[in-house]
Amino acid sequence: MATTASPPAAAEALLTDGSTVTIRPLRPGDHLAVLDLHAKRMSPGNQRLRFFAMSRRAPEASADRLCAPVREGFLALGAFSAIGLPEEQLLGVVEYDVDAQRPMVAEIAVAVADDRHHQGVGTLLIEHLVHAARNAGLLIFEADALAENQVMLKVFAALGLRVERHHTGPEVRVVVWLDESAEEYLTTVDERARSADVASLLPLLMPRSIAVVGVSARPGSVGHTVLVKIRQGHFEGPVWAVNPHAETVAGLACYPSVGQLPGVPDLAVVAVPADRVPDVAVDCGRLGVRALVVLTSGLDRHQSERLLDACRRHSMRLVGPNCLGIAQTDPAVRLDAQFGAVVAAAGSAGVAVQSGGVGIALMERLNALGIGVSSFVSLGDKYDVSGNDLLQWWENDQRTRLAILHLESFGSPRAFARTARRVARTMPVLTVDAGRSAAGRRGAASHTAAAATPTVTRQALFAQAGITATSGIGELLEAAALLHSQPLPGISGKVAVISNAGGIGVLAADACAEAGLVLPELPAPLMQRLIAELPQGSSAANPVDTTAAVDAQALAAAVDLLVESGTVDAVLLCLAPTALGTDPVQELLAAPARRTRPIAVVRLDQRTPVDYLTTHDGGRLPCYADPQSAARALAHAADRARWLAEVPAAVPRPEGIDRDAAEAMVAGFLSRHPEGGWLDPEVTAQLLHSYRIPLATSVWATGEHDAVEAAGRLALTGHEHRVVLKAYWPGQVHKSDLGAVRTGLHGRDAVRDAYRGFVRDFGERLTGVVVQPQATPGTELFAGMVQDQVFGPLVLFGMGGTAVDLLDDRAARLAPLSTVDIRTLLTSPHGSPLLFGYRGAPPADLDALEDLLARLSVLATDLPQLTDIDLNPVIASKDGITCVDARLRLEPRPAPDPYLRRLRRLPDPTQE
């Protein structure tokens, strides 16, 4: 059933050519612009296709309708641009009008100015209209078009939604089914977004000309340093300097302002004081600049808003402010516009960082390793260009083989995860897992919120997206060195350690075990072949001890035997320096680098944490200074191999869900409690029942007599004919800690005594009790969800009971959960063997647990107002599962759409 929805807020988005438009609802003040669009900027032929006939009145009637005051069931959106114009111009409009006889169906119409065809204006408008319509409860769009209007028919067909055509003479009735969560639609929107994004970044990362604004004559200043580095880097195009107080800087003529430049630069690098940044941005936009890199820090809120508004109005992509700069090593550009001391060497690693210091360290080490950089972007305060943008650029630039990110915050984590998941299929994506503490979380309010720290949430995102997350720069470079040079291991994580010193081999074995790798026992035939190659006194167990007497040929033969045996997925070679006069690794380097399993080398005399050994045919072996570093790198490679081996899985939607009933309950509760709050036991049970989540039979009682009578009925179904009483009052937190639970009650007297004890202990706070049959014994589990305002719903699962927070044995995944995510949740907790028949015990009903997690995922994604779900304990046995206790919290929140195409805005300071 359609509902009344607030008009959508204005949003900026990219067209196919990379230019920016503003999408917003039309207002009465837009009447002249709408009339001009239909009457003057559409040819007579296109007017006929739009109105089905030539009519002088049609444009005016259309403007009257589209710009009328807001009315229920009608919405009109316009796409506006001000690029190169004194005021914004209307490029196109789209509208829907709900059919009064069919309240979930709306008629749709689109019109685009003739000079704006083939730029994606109509498609972008329809995408935003689809989102608004879905928020209003609409399910279907219908449109009439002339059969000869092939342009519009192709727009509908290419949306990615289910479209039907019904021909009636010269007209075509188009029916569009609005399922914006459908995978085909999301994939199609992704493709459009990627194309537009890459086009918008061309002036930033492949500029043909540059201006440096705020160039100081003082050597060592930011502007002066950047100008010098751009020139020393041999940038291919014109470079202009802007300084009103100097005629020349570093031998280059200066211009007093942006408006007096001899040409229009693609890119402007801005290094002026904070109070001048917004005006410089406006000047750049008016001139036609298409990208800004703002190095300046210290902008206040007003200055920041003016800067971003100028970029949006004039279609400029923005890096920064408060950033180090950018570098592009493509031979066609050769741009070094950053003030770090290091110069980015040409290579194949794309690097995006929020911290300039981290960026300098990464470039320096990537240069030293010989990996180098394809492009480098210091994002700074990240007002516009983000890690998501850079991933899409690297996916298409034909030069990047390794993506490296350092992100302290996420604008749209779900869109980022979707992009990263796609990019990680083609190249490794690595990140430093840097973030804020869990301070300020509602840890005392629910077990779920206590568990859902920012670290847990980010790690869930990284794991699902296939991102290699490391704890620091050193670990990231260790992993990058191996992933960049070696084939991936198999998925089992089996490693053979071979060493010329037994003690080092043992340390390496320990490091592998700590990293989650496995050292299998080697088969007898392989051990015999190894012993035949190695010196007397060697040991062929795993780890393999070659003794210090091993020569280069024997060592290389042993390594190749291990690699080719099929017994292990990787080989870790550990070498201690000796005075025997030979370097045992030289023969290994002389062999052709055609091995199908990765080899990592540890040399205890190496001074750098990680480096490369170059083989005679140009191949490289990653070499580490200690076994822990090598083991961590191999573990990351094994994790990536396992992620790539996963078959993309569907998101299940279990049967029997009554979403309409649940939404009605949510709306009713929030109408009574506008600020939100925890649901009482009755509404909690009803809401969970609408999603068929198996809550234990519960009876709500507000008096002693009712409690005793309910216990008498429920005792017949309880374990050993016993019942449980739970005291309740609004705002209650953790009943067990407060002594508000009585278990194992047998007989009317026991129930009566328990109730009276609650009255004595809690007095007037007590509003009632929940009576339940005693649950059958089983494994106590925890399942829950917390709605993160940035990341969306996070589902958690693990060991439960009264010690749930103490044990902290839980796994997390972002909803919606695929079948792979659900199985990962079940197997990740340390206590998960209890579910699979530990030590001969009967296994739990795994199908029922999978179904529970699937229903939690759907509940969380269907109802964004549901901020907390706490099911603890969930009793699991071979005969099924039962949720013994549940707590749910609602807050008034709009339905988000992380995949709607729109550019970033500054965060609301009231939410920071």
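This is a predicted model: local features need pLDDT of at least 70, side-chain atom pairs count only at pLDDT 80 or more; totals for chains, interfaces and linings use all residues.
The crossing in which H16 passes H20 is right-handed. On the side of H16, the contact is made by Leu507, Ala508, Ala511 and Cys512. H20 contributes Pro627, Gln628 and Ala631. Sorted by class, six residues in the contact of H16 with H20 are nonpolar and one is polar, while none is charged.

The sheet is open and is formed by four strands, with antiparallel pairing. The order of the strands is S30-S33-S31-S32. Strand S30 (699-701) and strand S32 (741-745) lie at the edges; each has a single partner strand, so one side of each is left without a neighbour in the sheet. From one strand to the next, the twist averages 20°. Within the sheet, strand S31 (residues 723-728) and strand S33 (residues 768-773) run antiparallel and are joined by six bridges. In this pairing, Pro773 of S33 is the residue opposite Val723.

Two helices accompany the sheet. Helix H23, made up of residues 704-714, lies across S30, S31 and S33, and runs at about 10° to S33. Helix H24, made up of residues 748-762, packs on the sheet and touches S31, S32 and S33. The direction of H24 makes about 15° with that of S31.

Technical notes
Residues are numbered from 1 along each chain as its sequence is written. Side-chain values use heavy atoms; hydrogens and water are left out. A crossing is left-handed if the near helix is turned anticlockwise from the far one by less than a right angle, and right-handed if clockwise. Contact means heavy atoms within 4.5 Å. Ala, Val, Leu, Ile, Met, Phe, Trp, Tyr, Cys and Pro count as nonpolar, Asp, Glu, Lys and Arg as charged, and the others, Gly among them, as polar. Two strands pair if DSSP finds at least two bridges between them. Axes are lines fitted to C-alpha atoms, for helices over the stretch in contact, and angles run from 0 to 180 degrees between N-to-C directions.
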